[in-house]
Amino acid sequence: MLSFTTDNIALPVFSQARVRAWIRAVAADYGKKVGDITYIFCDDERILAVNRQFLQHDYYTDVITFDYSQGETLSGDIFISLDTVRTNAEQAGTSFDEELLRIIIHGVLHLTGQGDKTPETKAVMTGKEERALARWHSLL
C-alpha cells in the first residue's frame, strides 16, 4: 500500500491516485512491485532530527529513505522535507510541484537499489529521475 502522511506540516496538494499509478509504473520498469511504502512529509527540523537520530548526520536534506524491501517487493518509509524541496526548486529554477515529484520518485529509486553517494552514481540517479519524470508527463 502506498500512503501519504505528514508530520507537523500540511499535506502538499497532488493527485494521490495519479502519483500511486506512476510509482507503480516506475517500479515495474525495474522489475519491482510496490509493497508498503509510506511517504512522510515534514519540515526541515523534523528531517534534521531523523537524520541525526538514525543516520548520525547533522545536516538538512530533502529526502531520507528507509528501505524495508524484500525480493522484488519495494517497501519503506520515505521522509521528505517540504522546506528543502521548496528551497531546491528555487535554486534549480523549477516549480515546487516538479521538484516534489522528483523527490518522490528519488525515494522509490533508492528502494530499487539506486545509490547516489558518488558523482557517478548521482549522475545515474539524475538520469533515472529524468526518465521517470518524462513518464509522469506522458501520463497526462
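Predicted model: local features only at pLDDT ≥ 70, side-chain atom pairs only at ≥ 80, totals over all residues.
You can pick out one of the contacts between them by finding I64, whose bridge partner in β4 is F79.

Now widen the view to the whole sheet. Four strands form an open sheet in the order β1-β2-β4-β3, and their pairing is mixed. At the edges sit β1 and β3 (63–67), each of which pairs on one side only. Going from one strand to the next, the twist averages 15°.

Helices come next. α1 packs on the sheet and touches β1, β2 and β4, with its direction at about 120° to that of β1. Helix α2 (residues 44–55) also packs on the sheet, where it touches β1, β2, β3 and β4; the direction of α2 makes about 45° with that of β3.

What lies in the largest nonpolar core? This core has 29 residues, and W22, I23, Y39, I80 and I104 are those with the most contacts inside it. Two or more residues each come from β1 (2–7), α1 (16–29), β2 (33–42), β4 (73–81), α3 (82–92), α4 (96–111) and α5 (119–138). The largest share, eight residues, is given by α4.

Setting aside neighbours within four places in sequence, I104 is in contact with V19, W22, I23, Y39, F41 and I80. Finally, look for a second, separate core of seven residues, including I40, C42, V50 and I64.

Methods: Residues numbered from 1 in each chain as written. Heavy atoms only, no water. Core = buried A, V, L, I, M, F, W, Y, C linked by side-chain atoms within 4.5 Å. Buried < 20%, exposed > 50% of the residue type's maximum accessible area, 1.4 Å probe, protein only. Contact = heavy atoms within 4.5 Å. Pairing = 2+ DSSP bridges. Axes fitted to C-alpha atoms, helices over the stretch in contact; angles between N-to-C directions.
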